[in-house]
Amino acid sequence: MALLQLTAKATTFHTGLTPFTGLRLAAPTTASPTSFGFKIYRFHNVLVRAATTVAPKFTTLKPLGDRVLVKIQSSEEKTQGGILLPTTAQTKPQGGEVVAVGEGKTISGKKVELTVQTGSKIVYSKYAGTEIEFNGINHLLLKEDDILGRLETDDIKDLKPLNDRVLIKVAEAEEKTAGGVLLTESAKEKPVIGTVAGVGTGAYDDSGNRKPIEVAVGNSVLYSKYAGSDFKSKDGNQYVVLKGTDILAVLS
């Protein structure tokens with residue numbers, strides 16, 4: 001029987017059945033990063049890529065179009081109670097400072113400038129953009145549409161939503177069933193009702209004009225169950241930031 005040839009050592013295990021031939025990977029080797037490329041880790045025929053690294057000879061990075069370069073804030077290394085967190089338990093950062101912006105985009109011949117400027121403190125979608133190591137510092141290169149809002153404090157309730165984003169204070173989940181049975185945390189339904197706490201200026205339409213969002217601060221709303229990004233404020237309240245199109249109805 002012909003065996004697939006890989007650049008790794010083969011190990012045979014003998015049992016009472018047909019012999020099983022497995023593969024043991026050789027030790028990894030690391031290739032040096034290119035002038036502007038990836039750090040590459042090789043297990044011979046196996047290739048893994050890490051964050052993009054910019055070589056020290058490049059001293060400036062100018063985003064194009066509606067892209068923004070953000071210096072990522074550091075992860076929280078301790079809980080509020082002072083307990084040191086392992087790397088695997090640290091929260092992935094979703095905020096940072098804008099350090100460079102593109103020139104904007106064009107819609108139907110109309111030039112549309114970006115709504116954030118250099119120095120703005122922002123919050124962005126959790127898995128947005130491309131991570132870049134530039135001048136020895138971690139940055140994120142993303143589109144303005146991936147930015148949820150401006151945040152000049154360290155409390156999410158103070159977020160100023162951008163464009164078509166809406167900040168909602170989530171209603172508390174039901175503690176009991178209709179029959180009075182106390183629910184555990186895992187059994188509680190994910191809330192889909194909340195109160196609007198902040199509204200962006202709206203998305204651009206096909207003509208390059210702002211289209212206002214159809215809700216206002218103070219409205220009670222029903223929204224899509226798994227939409228948006230979830231946050232907790234310093235006072236323990238839950239918030240969600242989502243697009244205006246994810247709001248299904250206004251309640252009264």
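This is a predicted model: local features need pLDDT of at least 70, side-chain atom pairs count only at pLDDT 80 or more; totals for chains, interfaces and linings use all residues.
On a 1 Å grid over the protein atoms alone, a cavity is a set of points where a 1.4 Å probe fits but cannot get out, and lining residues have an atom within 4 Å of a point. Grid points are joined across faces, edges and corners, and a volume is the space filled by probe spheres set on the points. Residues are numbered from 1 along each chain as its sequence is written, and side-chain values use heavy atoms, with hydrogens and water left out.

One cavity of 30 Å³ or more is present in the structure. The volume of the largest cavity is about 30 Å³, and its lining consists of Asp66, Lys105, Val112, Glu113, Leu114, Thr115, Glu144 and Tyr204. Three of the lining residues are nonpolar, one is polar and four are charged (Ala, Val, Leu, Ile, Met, Phe, Trp, Tyr, Cys and Pro count as nonpolar, Asp, Glu, Lys and Arg as charged, and the others, Gly among them, as polar).

Strands are DSSP runs (E, at least two residues), numbered from the N terminus, and two strands pair if DSSP finds at least two bridges between them. Strand 10 (residues 121–124) runs antiparallel to strand 13 (residues 147–150), to which three bridges join it; tyrosine 124 has isoleucine 147 of strand 13 as its bridge partner. Strand 13 also pairs with strand 14 (residues 160–161), in the antiparallel sense and over two bridges, with glycine 149 opposite proline 161.

Six strands form an open sheet in the order 20-21-15-16-19-22, with antiparallel pairing. Neighbouring strands are turned by 40° against each other on average, direction ignored (axes are lines fitted to C-alpha atoms, and angles run from 0 to 180 degrees between N-to-C directions).

Two asparagines were examined for backbone geometry and accessibility. Asparagine 135, in the loop between strand 11 (130–134) and strand 12 (137–143), has a positive phi of about 55°. This residue is partly exposed, at a relative accessible area of 49% (buried means under 20%, exposed over 50%, partly exposed in between, with a 1.4 Å probe and protein chains only). Asparagine 163 lies in the loop between strand 14 and strand 15; its phi is positive, near 50°, and at 10% relative accessibility asparagine 163 is buried.

How values were computed. On a 1 Å grid over the protein atoms alone, a cavity is a set of points where a 1.4 Å probe fits but cannot get out, and a pocket is an open set with protein on both sides within 12 Å along at least five of seven lines; lining residues have an atom within 4 Å of a point. Helices (H or I, at least four residues) and strands (E, at least two) are DSSP runs, numbered from the N terminus.
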